[in-house]
Amino acid sequence: GYLNNLTINGQIAQAHNGSTIVLEHRYYGQSNPFPDLKDASMKYNTVQQAIDDLEYFANNVVLPQPDGDSVKPGQAPWILIGGSYSGALTSWTMVK
């Protein structure tokens with residue numbers, strides 16, 4: 001439901017001939033890098049690690065679209081948006 005033009009993100013992307021990418025934080029949903037949520041496993045669940053993950057993704061992703069190799073940061077504009085935690089993460093990422 002997040003990747004269509006019925007959402008505000010999809011409408012913005014469509015209006016600017018862009019794409020929408022939804023990233024999942026490494027400790028939420030299906031992307032937990034550890035089999036448990038014990039203290040030792042949670043040591044990388046930091047704001048800085050989340051920022052580093054976003055930066056790594058942006059600089060290394062190859063998008064499966066015809067122009068996927070020409071839309072990296074510095075080649076095409078990227079807009080990082082979110083609400084609640086992801087909105088705060090957006091602000092913290094932009095400060096870095």
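This is a predicted model: local features need pLDDT of at least 70, side-chain atom pairs count only at pLDDT 80 or more; totals for chains, interfaces and linings use all residues.
Trainee: Good to know. Where is Asn17 found?

Mentor: Asn17 sits in the loop between α1 and α2. Those helix labels come from DSSP runs (H or I, at least four residues, for helices; E, at least two, for strands), numbered from the N terminus.

Trainee: And what is phi of Asn17 near?

Mentor: It is near 55°, a positive value in a residue other than glycine. For background, most residues other than glycine have a negative phi.

Trainee: Which other residue has a positive phi although it is not a glycine?

Mentor: Have a look at Ser84, where phi is about 60°. Ser84 is placed in the loop between α2 and α3. With 71% relative accessibility, Ser84 counts as exposed.

Trainee: Let me zoom out. How many helices and strands does the chain have?

Mentor: There are 3 helices and 0 strands. Starting at the N terminus, the order of elements is α-α-α.

Trainee: And what box do the C-alpha atoms fill?

Mentor: Roughly 45 × 25 × 25 Å, taken along the principal axes.

Trainee: What percentage of the residues count as buried?

Mentor: Of the 96 residues in the chain, 19% count as buried.

Trainee: New topic. How many salt bridges does a search of the whole structure find?

Mentor: The search finds 1 salt bridge. The term covers a side-chain nitrogen of Lys or Arg within 4 Å of a carboxyl oxygen of Asp or Glu.

Trainee: Which residue forms a salt bridge with Arg26?

Mentor: Asp53 is the partner, and the closest N and O atoms of the pair are 2.6 Å apart. This pair links distant parts of the chain: Asp53 belongs to helix α2 (residues 47–60), Arg26 to the loop between α1 (8–15) and α2, and the two are 27 residues apart.

Trainee: Why does Asp53 count as partly exposed?

Mentor: Because its relative accessibility is 24%. Arg26 is partly exposed as well, with a relative accessible area of 23%.

Trainee: That loop between α1 and α2 keeps coming up. Where does Tyr44 lie?

Mentor: Tyr44 lies in the loop between α1 and α2, and Gly18 is found in that loop too. Their C-alpha atoms are separated by 32 Å, with the residues 26 apart along the chain.

Trainee: How many residues apart along the chain are Gly18 and Leu63?

Mentor: They are 45 residues apart, and their C-alpha atoms are separated by 12 Å. As for accessibility, Gly18 is partly exposed at 42%, and Tyr44 is partly exposed at 37%.

Trainee: What about Lys43, buried or exposed?

Mentor: Lys43 counts as exposed, as its relative accessibility is 55%. Lys43 also belongs to the loop between α1 and α2. From C-alpha to C-alpha, Lys43 is 32 Å from Asn9, and the two are 34 residues apart in sequence.

Trainee: Last one. Which residues make a nonpolar surface patch?

Mentor: Ile8, Ile12, Ile79 and Ile81 make a nonpolar patch of about 410 Å². Patches take residues with over 30% relative accessible area and no salt bridge, joining nonpolar side chains (Val, Leu, Ile, Met, Phe, Trp, Tyr) within 5 Å and like charges within 9 Å. The areas are Shrake-Rupley values with a 1.4 Å probe, and for residues only the protein chains shown count as cover.

Trainee: Where does Ile12 lie?

Mentor: Ile12 lies in helix α1. Ile12 counts as partly exposed because its relative accessibility is 38%.

Methods. Residues are numbered from 1 along each chain as its sequence is written. Side-chain values use heavy atoms; hydrogens and water are left out. Buried means under 20% relative accessible area, exposed over 50%, partly exposed in between (1.4 Å probe, protein chains only).
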